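Me: I'm new to reading protein structures. Could you walk me through one, a feature at a time?

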Amino acid sequence: MRAIWKGAVAFGLVNVPVRLYAATGEHEVRLHQVHREDGGRIRYRKVCSLDGESVEWSDIAKGYETQDGELVVLTDEDFQQLPLSTEREIEVLEFVPAEQVDPILLQKTYFLEPDKSAAKPYALLRGALEETDRVAVVKVAIRQRESMAVLRVRDKVIVLQTLLWPDEVREADFPVLDDDVTVRPQELTMASSLVESLAGDFDPSQYEDAYVAALEQLIAAKVSSGDTQAPPAPPEEEASDGGGEVVDLLAALQRSVDKARAARGEDAQAPEPAESGTKKGTGTPKKKKPAAKTAAGKASTAATPAKDEDTGEDAAPARRRARTKAS
């Protein structure tokens, strides 16, 4: 596991240096969105709603819209100025009975690992929590967000469970629950009997995610039957700035050469299928995308002035002479 946070638990005069690890992780079969026709991956871009241009992460800030429609832009520098007194400290506020923490408040769980030098104070805190059957209510800042949390003991490890703030829990407003409902004693007895018939000790290992298991079997069956396809090769990057102009320029040069040859009574040269560079997608790519180096090479070759087969001269002067003669 990889630690996502490093700091210390502070209660009273005791300070326990610890590292924080995510204690849970969702199991899922990673699926991608693809084009049904050719299997190409579906990509998402950050696009400005005003000019339609793609926006780099470095140019993105956070914004808050006021009630009167004004926009407040907050930069990384603004957030760095906000005080987080618990940024590297888990501050113990109080110790409360575990049953007083409503489970609806519980959010994400983390393991706390002590530094080697803090094994004894760590054990001291763990023992105190077990002995008193209480949890420690703390404040902690993780990824620039301050949260309430509780410390409790699981096996031999102290775990930290972040809590929702009270105003983040919604009130249930169901008027139907206020209606008078009559439950007969016989019905309550039967319901209680059903509960007793299904009573047992909770063992989560006996349950299985049937959907994920079936999905894995489906994928395995397709693989074993050969119902797969090679992922499509990514197309050569097209230049977003002037790419179309480069293609048009190459086509215009080819037409000029053909016109010059025709003026001399020669047959027009048929465009080469791949090396001519007139095929869509072979425009000069952006410099910051080295993956399109091959395409750039082709475009560069195609843009080299053509030589006259008979004289060995550049075609451009010949084209100018032909144009002068025609005029």
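Me: Where is threonine 162 found?

Reply: Keep in mind that this is a predicted model. Threonine 162 is found in strand E9, which covers residues 157–163.

Me: Is threonine 162 buried or exposed?

Reply: The idea is to look at relative accessibility, where under 20% means buried. Threonine 162 has 6%, so it counts as buried.

Me: Which residues is threonine 162 in contact with, leaving aside its neighbours within four places in sequence?

Reply: Among them are Leu105, Leu106, Tyr110, Ile142 and Met148.

Me: How many of the seven residues of E9 are buried?

Reply: Six of the seven, so E9 is largely enclosed by the rest of the structure.

Me: Which strands pair with E9?

Reply: For pairing, you look for bridges between strands. E6 (residues 106–114) pairs with E9 in the antiparallel sense over five bridges, and tyrosine 110 has leucine 160 in E9 as its bridge partner. E8 (residues 145–154) is also antiparallel to E9, over seven bridges. There, arginine 154 stands opposite valine 157.

Me: What about the hairpin of E8 and E9: how many residues are between the strands?

Reply: Two residues, and aspartate 155 takes a positive phi near 60° in that hairpin.

How values were computed:
Residues are numbered from 1 along each chain as its sequence is written. This is a predicted model: local features need pLDDT of at least 70, side-chain atom pairs count only at pLDDT 80 or more; totals for chains, interfaces and linings use all residues. Side-chain values use heavy atoms; hydrogens and water are left out. Helices (H or I, at least four residues) and strands (E, at least two) are DSSP runs, numbered from the N terminus. Buried means under 20% relative accessible area, exposed over 50%, partly exposed in between (1.4 Å probe, protein chains only). Contact means heavy atoms within 4.5 Å. Two strands pair if DSSP finds at least two bridges between them.
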